[in-house]
Amino acid sequence: MIDKFDYEEPVCPLSCGKPAGTIPVSRIIEKADGFFDRNDYGEAGRLLTYWRGEARALGDARGELAMENELVGYYRKQNDKENGLASVRRALFLTEKLGQGENASGATVLLNCATAYKAFGRPSEAMELYRRAEKIYKRVLEPNDTRFGGLYNNMALALADLLREDEAERAYFAALAVMEKAPDGEAERAITYVNLAHMYEKFGKAEKISECMERAYALLKSQSVPHNGYYAFVLEKCAPSFGYFGNVEAYNEFKKESERIYAGN
């Protein structure tokens, strides 16, 4: 639960070490991540919307952007299109207002907003933001930075929706190449292989599906994968695809493990 401390503390207590007129962003996000790790989306949403309101009341644009960016992902996962698109518009406005449209943190906001556009059925608008984010990342990040993995995986989904098969496949392979070099990149690679399987089905290439799902299964079963809240989220996301493609045992296994982690057992 969100306790009294979260709602009734001074906006910026002396112990937080921040100047008056701002919200304690790092602590709020840490608290929200704890809720997400327990699959408690209701409390996460209440926390983030409360502090977004506080930031707006204070005129703390940076704090508001941080909350709005978190809420973009929250509304996407909740399939709340109306509030999600409103948060996208506000996040993009604040990014430009604060002059962050050309740095890495601003590019990450663009990526997050693009992913929401894709999820809400607007892949063309998503691609515009993905390309902007890609351009910035290429200018300011090292080539093997893991942020490229998330960018290319999500970009591929939008390209597939736009029926640009070859470009989508290249983007998926680019994501895999990045995450193969990343520590603890197995879960992200598993997601990419599952997405590839669905793309191949979409474009009538059924012969490639089994290999993708087998690779995804092996990665999710790797002994080196941390069994944390993010792993539970990945299992929850991937499990239905295993069932869909006929591996009911894997579906049941991953669903059960996801529930176990969320329950804290």
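Helices in these legends are DSSP runs of H or I with at least four residues, numbered from the N terminus, and the model they describe is a predicted one.

View 1. Alanine 61 belongs to helix α4, which covers residues 61–77. With a relative accessibility of 13%, alanine 61 counts as buried, because the limit for that class is under 20%. When neighbours within four places in sequence are left aside, the residues in contact with alanine 61 are Leu94 and Leu98. Threonine 95 stands 34 residues from alanine 61 along the chain, and the C-alpha atoms of these two residues are separated by 9.2 Å.

**View 2. The aromatic pair of phenylalanine 242 and phenylalanine 254.** The structure holds ten aromatic pairs. In the pair formed by phenylalanine 242 and phenylalanine 254, the ring centres are 5.3 Å apart and the planes meet at 65°, so the arrangement is edge-to-face. Because phenylalanine 242 lies in helix α12 (residues 229–244) and phenylalanine 254 in helix α13 (residues 248–263), the pair ties together parts that are twelve residues apart in sequence. Phenylalanine 242 is buried, with a relative accessible area of 1%, and phenylalanine 254 is likewise buried, with a relative accessible area of 1%.

**View 3. A cluster of aromatic rings.** Tyr137, Phe148 and Tyr152 are linked into a cluster by ring pairs.

**View 4. Lysine 77 over the rings of phenylalanine 36 and phenylalanine 233.** The charged end of lysine 77 sits over the ring of phenylalanine 36, at 5.3 Å from the centre of that ring. Lysine 77 also lies over the face of phenylalanine 233, where the distance to the ring centre is 4.9 Å.

Conventions: Residues are numbered from 1 along each chain as its sequence is written. This is a predicted model: local features need pLDDT of at least 70, side-chain atom pairs count only at pLDDT 80 or more; totals for chains, interfaces and linings use all residues. Side-chain values use heavy atoms; hydrogens and water are left out. Helices (H or I, at least four residues) and strands (E, at least two) are DSSP runs, numbered from the N terminus. Buried means under 20% relative accessible area, exposed over 50%, partly exposed in between (1.4 Å probe, protein chains only). Contact means heavy atoms within 4.5 Å. Rings of Phe, Tyr and Trp (its six-membered ring) pair if their centres lie within 6.5 Å; planes under 30 degrees apart count as stacked, over 60 as edge-to-face and the rest as tilted. A charge sits over a ring if NZ of Lys or CZ of Arg is within 6 Å of the ring centre and within 35 degrees of the ring normal.
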